[in-house]
Amino acid sequence: MEIAKRLQSLMVGTALLVTGLPSWAVVDSPGGPAVLQLNLQPPVTQIAREIYSLHNLMLYICLVIFLAVFAVMFYSIIKHRKSKGHKSASFHESTTVEIAWTVIPFLIVIGMALPATKTVVSMKDTSNADLTIKATGMQWKWGYDYIKGEGTGVSFLSSMATPREQIVDPTKIKSDNYLLEVDNEIVVPVNKKVRMIVTANDVIHSWSIPAFGVKQDAIPGFVRDAWFKAEKTGVYRGQCSELCGKEHAFMPIVVKVVTDDEYTQWAGAKIKEQAAKADDPNKVWTVDELKQRGAQVYAANCVACHQATGKGVPGAFPALDGSVVVTGPKIEQIKVVLNGRNAMPAWKMLSDTDIAAAITYTRNNWSNKAQENIVQPAEVLAARK
Amino acid sequence: MSTTVIDHAPDHSHDHAHDHPHGWRRWLYATNHKDIGTLYLFFALTMLMVGGVLAMGIRAELFQPGLQLMQPEFFNQLTTMHGLIMIFGAIMPAFVGFANWMIPLQIGASDMAFARMNNFSFWLLPPAAILLVTSFLVPGGASAAGWTMYAPLSTQMGPGMDMAIFAVHIMGASSIMGAINIITTVLNMRAPGMTLMKMPMFCWTWLITAYLLIAVMPVLAGAITMTLTDRHFGTSFFNAAGGGDPVMFQHIFWFFGHPEVYIMILPAFGIISHIIPAFARKPLFGYASMVYATASIAILSFLVSANHWNA
């Protein structure tokens, strides 16, 4: 190949490599994997410790078997090769051998199954929990409700906090908790048994925290439970663990384990905050107030598909800028946002005010100047029926 | 050289012109087990390349953290289609190709029992593969629900999912017909004196695999038909709001899925059981035990599908 062509490929390759260089900064992720980590995450609960030991046990058993089998194999291949003139043994069956190499592996299996079963039985025992939290998987965020124990009544949505630019723009530096950070984390007290009730709104998700040794599928229409008792304070992270659509990689789970006092403080503050934020259902909003709030709602929820420019992705997600639905009668747009349509999920889990704000924002933004350009929260509430 | 005069009298024994078609007719109308075996193997090789390209797409995107090359939904389409194409387009047809080539030769039969059905089994595959691969081009793209097509995510997919369902139906029908052919051939057309326990090991493993195929491919067909009706005909098999159960899809799918992985490996066990004795220059050790072990694996495989569930 000519030097000119080689040089060109070399330059293209180098350019691509260099644009990705910022992502090569290598640090231990504070709540996630360490640099060059190969093993499971350090266990923080009794169950996780048992899982870690079981994993080691099985790896050692595999190692012994591996060494034995490969030793025999290499010996046979090397010492009994044709040029050595080795004469093979002439027996082609041996009931003793067959029984031996059935019984011994069977015993090994039993030896692995007994401790494993013990741990599985403990994992299933969710009785006598100090605190019960319901986790609802949605496309593509988690919703948490504290339903029993101290902090009952706390309720919030938890979406990924990593900004979209960090994901798509190779020149942006990625945060230390890239893809593992959320806006509202679950807070639990240390050394208390927490029962997680896991369900879903739409498709199957899965709630998982490796450091706790917890993973439970969230199945729409069904409730399943799991439990953990964290023994160390700190922040622990996990990710949705069942394919749930396009943003499956972008709905992480973060649990902050704090002391009892800190927990009491947090729970109290959260309940007050919720009461304050609860929008007055009788308030009549102005276009500008709604637009301002709507811009935030749009950025947190709509931008992934419809893009910040409102132009969507041709062929996949319709543009909102200039869309018939957005500039036409508002009841149609309210219905689409509440109930979803085709690939667009239902957004009924958002509050009336958030939906009204987002719709008002789209109707007055980009080149849109809809005639019906303001939607009050009360109209969204009416449309839910 | 003497010239052969073709006798147009009713005595067809002299009429050689129709015995060995040439050109495209040789392949389209093939009933010869070696030709059909070759067709399967070339088809499998082509699908291996197609599935491989999809894997390269996955690897290219995963090379660095972040999204550089594609939208997340397209990435999910790649992983789904890579799985479906490799399983139903590459590995299963490849092993059927080996079966077609080797079984008649190894048992001393002149051909497979149902030579024309053999042809149909193969020629169902290219249209099914085209259906599967072109699902990338329809609005919404290919199915992005994973090769295991779990409900209710599969209900949300666009027309690409329906194309995948039809393609899998067709490929399943092809496998079932192939399995019937293999069982009939092995049980009925062995050379005189070849009892089952004298048969080459590869034929044993394929005999057992064929039984597995007949047992479980219809179950997969059931699961994906229920997905199809949930998607388009108002049923709620896997929709809790309608009284159904998403986990039931997992039960039914993995009742197929676990024996499926044995379907994919038992012929390979048979092949290895031929290669090692050939190069070790001695007969297979414990032939009878190997037969019983393979049969036990097949039977036990129906019981362990629970390992794959996620409830």
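Colleague: What are the ground rules here?
Modeller: Residues are numbered from 1 along each chain as its sequence is written, and chains are lettered from A and ligands numbered from 1 in written order. The model is predicted, so local features need pLDDT of at least 70 and side-chain atom pairs count only at pLDDT 80 or more, while totals for chains, interfaces and linings use all residues.

Colleague: What pLDDT does chain B average?
Modeller: Chain B averages 92. That score is the predictor's confidence in each residue, from 0 to 100. The model has ipTM 0.87 and pTM 0.83.

Colleague: How many helices and strands in chain B?
Modeller: Nine helices and zero strands. These are DSSP runs, numbered from the N terminus: helices are H or I with at least four residues, strands E with at least two.

Colleague: How do the axes of α5 and α6 of chain B cross?
Modeller: Helix α5 (residues 125-134) and helix α6 (residues 159-188) of chain B come within 8 Å and cross at roughly 160°. Axes are lines fitted to C-alpha atoms, for helices over the stretch in contact, and angles run from 0 to 180 degrees between N-to-C directions. So α5(B) is roughly antiparallel to α6(B) (angles over 145 degrees).

Colleague: Which residues of α5(B) and α6(B) meet?
Modeller: Among them are B:Leu125 and B:Leu131 in α5(B), and B:Phe166 and B:Ile170 in α6(B). Contact means C-beta atoms, placed from the backbone, within 7 Å.

Colleague: Switching topic, what does the C-alpha trace of chain B span?
Modeller: About 75 × 50 × 45 Å along its principal axes.

Definitions and conventions: Angles under 35 degrees count as roughly parallel, over 145 as roughly antiparallel, 65 to 115 as roughly perpendicular and the rest as oblique. Two residues are in contact if their C-beta atoms, placed from the backbone, lie within 7 Å.
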